[in-house]
Amino acid sequence: MSLALEGIIMKVIRLILMLAALSFMAGSVEVMAQESKEGDKRHPSYNLIGRDAQSAESPLNPNFVVAEEAKLSESGFWRSPYITARLVGLVVTDVDRDGRNEVLYATTKSVHVSRYEGGRLVQLASYDVGIGERLSSLDVFDANKDGRQEIFACIQGDSIKGGSIILHYDNGSLSRAVESVIPWYLRVVHGPGGRELVGQKPAVSGDEVFTGNVMRMSFDGQNIKSQGRMDVPSGGNAFNFAFGRLGSSNKSMSAMIKWPSEHLFIYEGKDRAWESREEYGGTMTVLEPPVKNSTASGATPKRFFMPSRIIIYDIDGDGQNELIVAKNDRGGVPFMSNLRAFTSGTIQAFKYANLSLTPFFRTRTLPGPAVDYALADFDNNGSLDMVVAVMMEQESGMMQDGRSVIVAYEISPGPAAKKK
């Protein structure tokens, strides 16, 4: 073959390869344009689902790898001073009806109402429970629909087998709306029709914590009454479930953190659609059975560790709700259910599709377990925030009161939310 012919053949091959490359690039641009068109309503975070962060060599040493996590920023984040107590509940709402949200939090010994002003939480009121009494949750809800929200907190104690107290906030003070302890564990949950007050009776004997079914509850300002059973999947109690719509079809589903496995379950009706392999929602907040001494067999009675709240909410404004839960990291001895500790935690959000939960985002690692959290404009600046109560140290008898902190993350809405 002559050199001239070989040169012509090589030119033809290069031309064919160049045309193929141009065709591939044109197709890629078309696909990217189509993805961009389909993703107009998606939050930019959606594009990061399931993808590893870009990494590069560190200038400190070529054997060090720098990940996206190293791009630290203090913007969009706030934290309170340390609170010398163990937090058990958190709510952000306009409890005094003045158009501004308040931050309500509960320790094991007290309920506090505060407001964000000038970069800090200013205390407006507090209420202390009696000696030997212990709080374990906090909720706010206008149960009797009079425009005034009641504050519900579960309580146990030396002389209380279990129940709840109801408080009102008025003119800078907290007081009992009902003097006696209500003999129900009361909780505000996201039910099939929206937020609802539910309750479950505490056990009065034996080594169980609850007795009976989860019931819908009503409050007329003085009396609490059950209004019929709430249809929750097997294993449900007043503290471990939430209803909501999930997936692109916005199907009504329920999420549940079961005790003692602390696995996260997703249900369609009463049918299990998905179960996690990992534990979620674990806390140090405990409800104890009436029998607190060792049983006849010498075994320690059962204890129920309340899971942190489950939230179902469209946090990115794309028209589909996310499932938001806490993922707290266990320390101690994992197979001893009554002895536990947590070293750190995160808040994680998931998208639901194809019978599975896909990670959407998580917070940076917190310096302790996330006890409770809320989605609301906590600083009254017009933007949604994720507010988290974090327990940093457990109390230890009379020698240590415990230590906690409240943190907040400002949330940037997605394109669809910004157009609303």
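Modeller: Contact here means heavy atoms within 4.5 Å, and the model under discussion is predicted.

Biologist: Leaving aside neighbours within four places in sequence, which residues is Asp 142 in contact with?

Modeller: Asp 142 lies in the loop between strand S9 (139-141) and strand S10 (150-157). With its neighbours within four places in sequence left aside, the residues in contact with Asp 142 are Gly 147, Arg 148, Gln 149 and Glu 150.

Biologist: How far from Asp 142 is the nearest side chain of opposite charge?

Modeller: Asp 142 is buried and has no salt bridge. A salt bridge requires a side-chain nitrogen of Lys or Arg within 4 Å of a carboxyl oxygen of Asp or Glu. The nearest side chain of opposite charge belongs to Lys 145, and its distance is 7.3 Å.

Biologist: Which backbone nitrogen does the side chain of Asp 142 reach at 3.2 Å?

Modeller: A polar atom of the Asp 142 side chain lies 2.9 Å from the backbone nitrogen of Lys 145. At 3.2 Å, the side chain reaches the backbone nitrogen of Asp 146.

Biologist: Turning to the aromatic rings, how are Tyr 185 and Phe 239 arranged as a pair?

Modeller: The structure holds 14 aromatic pairs. For Tyr 185 and Phe 239, the centres are 6.1 Å apart and the angle between the planes is 65°. Planes over 60 degrees apart count as edge-to-face, and the arrangement of Tyr 185 and Phe 239 is accordingly edge-to-face.

Biologist: How many residues apart in sequence are the parts that this pair of Tyr 185 and Phe 239 ties together?

Modeller: Tyr 185 belongs to strand S13 (residues 185-191), whereas Phe 239 is in the loop between strand S16 (224-229) and strand S17 (241-246). Both Tyr 185 and Phe 239 are buried. Because of these locations, the pair ties together parts whose separation in sequence is 54 residues.

Biologist: Why is the pair of Phe 210 and Phe 239 tilted?

Modeller: The ring centres of Phe 210 and Phe 239 are 6.1 Å apart. Their planes stand at 35°, so the pair is tilted.

Biologist: What is the relative accessible area of Phe 239?

Modeller: Buried means under 20% relative accessible area. Phe 210 is buried, with a value of 17%. Phe 239 is also buried, and its relative accessible area is 4%.

Biologist: Which residue has a ring with the charged end of Arg 79 over it?

Modeller: Lys 351 lies over the face of Phe 360, at 4.7 Å from the ring centre. The charged end of Arg 79 is 4.6 Å from the centre of the ring it sits over, that of Tyr 82.

Notes:
Residues numbered from 1 in each chain as written. Predicted model: local features only at pLDDT ≥ 70, side-chain atom pairs only at ≥ 80, totals over all residues. Heavy atoms only, no water. Helix = DSSP H or I, 4+ residues; strand = E, 2+ residues; numbered from the N terminus. Buried < 20%, exposed > 50% of the residue type's maximum accessible area, 1.4 Å probe, protein only. Lys, Arg positive; Asp, Glu negative; His and termini not counted. Polar contact = N/O pair within 3.5 Å; in protein donor to acceptor, adjacent residues only side chain to side chain. Phe/Tyr/Trp six-rings, centres within 6.5 Å; stacked < 30°, edge-to-face > 60°. Lys NZ or Arg CZ within 6 Å of the ring centre and 35° of its normal.
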